[in-house]
Amino acid sequence: MIFPYKAIIFDCDGVIVDTENISNTILKTMLSECGLELDDDTLHAKFTGFTNQENLINAEKLLGRPLPTHFDEEYRQRFHAIIDAELEPIDGVRELLSKISAPIAMATNARRKEMNFKLDKIQLSERFATRFCVDDVQHGKPAPDLYLTAANALNIDPKDCLVIEDSIAGITAGKAAGMRVLAFSETLDENMQMAAGATRCFKTMKELEGLLGL
């Protein structure tokens with residue numbers, strides 16, 4: 001099936017750049033050091049795709065006490081050290097983007113500095129000239145604000161936009177914005193993505209090309 005669209009709005013982490021696994025590994029390790037052991041399903045459901053602030057709040061609720069005051073800063077230091085050395089686009093992303101002629105945008109729960117760093121690192125800043133981050137809206141994902149802001153900037157009705165996402169928070173946001181969501185399920189559970197409101201799941205960017213009629 002080929003899905004109709006007039007614009008495509010991409011998430012960043014876990015869709016354009018391979019950062020979700022990196023961030024989850026660091027978070028899981030650091031929370032374990034604090035005494036909170038999480039399985040991968042819980043990690044994906046409660047932490048993947050949410051803002052850093054929301055993740056800190058969720059971690060403290062599960063832990064039952066405040067995290068160390070240095071936790072957030074240490075997490076960011078570990079994360080940036082790894083992506084500075086290793087960050088790459090998801091396999092097939094460059095080829096996919098080169099074939100898309102419709103307007104595109106990015107909508108991410110990352111902060112502006114982090115978003116720009118990642119896109120500069122993989123040399124895709126110019127391709128995502130229209131991009132929005134959590135700093136641009138009052139509420140990040142799973143609220144629809146980011147996707148509605150991007151659609152408005154592209155001057156495309158939300159119902160004519162496709163969202164490319166992976167996280168439960170992002171899928172929820174895209175659906176709440178009135179958009180169809182295609183979910184990248186290479187590492188996340190397809191059943192959870194569909195339950196969150198994904199229209200269709202795909203496991204490779206080549207498969208996504210087919211869904212987009214490229």
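Q: Let's start with Phe202: buried or exposed?
A: Buried, because its relative accessibility is 1% and the cut-off for buried is under 20%. Keep in mind that this is a predicted model.

Q: And what about Phe184, buried or exposed?
A: Phe184 is buried too, with a relative accessible area of 5%.

Q: How many aromatic pairs are there overall?
A: The count comes to three aromatic pairs. One of them is Phe10 with Phe128, which is edge-to-face, with 5.8 Å centre to centre and 80° between the planes.

Q: Where do Phe10 and Phe128 sit?
A: Phe10 is in strand 1 (residues 7-10), while Phe128 is in the loop between helix 6 (112-121) and strand 3 (131-132), so the pair ties together parts that are 118 residues apart in sequence. Both Phe10 and Phe128 are buried.

Q: Back to Phe184 and Phe202, what's the geometry of their rings?
A: The ring centres of Phe184 and Phe202 are 5.4 Å apart and the planes are at 20°, so this pair is stacked. Phe184 belongs to strand 5 and Phe202 to strand 6 (residues 200-202), and the pair links distant parts of the chain, 18 residues apart.

Q: OK, on to the core. Which residues in the largest nonpolar core touch the most other members?
A: Phe10, Ile16, Leu31, Ile100, Phe128 and Leu182, out of 49 residues in that core. Helix 1 (residues 20-33) gives the most to this core, with five residues.

Q: What does Phe10 touch, leaving out residues up to four places away in sequence?
A: Its contacts include Val15, Ile16, Leu96, Leu97, Ile100, Ile104, Phe128, Tyr147 and Ile164.

Q: Change of topic: where is Leu188?
A: Leu188 is in the loop between strand 5 (180-184) and helix 9 (190-196).

Q: Buried or exposed, that Leu188?
A: Leu188 counts as buried, because its relative accessibility is 7%.

Q: And which residues does Leu188 touch, not counting those up to four places away in sequence?
A: Leu188 touches His44, Thr48, Asp166, Ser167 and Gln193.

Q: What separates the C-alpha atoms of Leu188 and Leu212?
A: They are separated by 21 Å, with the two residues 24 apart along the chain.

Notes. Residues numbered from 1 in each chain as written. Predicted model: local features only at pLDDT ≥ 70, side-chain atom pairs only at ≥ 80, totals over all residues. Heavy atoms only, no water. Helix = DSSP H or I, 4+ residues; strand = E, 2+ residues; numbered from the N terminus. Buried < 20%, exposed > 50% of the residue type's maximum accessible area, 1.4 Å probe, protein only. Contact = heavy atoms within 4.5 Å. Phe/Tyr/Trp six-rings, centres within 6.5 Å; stacked < 30°, edge-to-face > 60°. Core = buried A, V, L, I, M, F, W, Y, C linked by side-chain atoms within 4.5 Å.
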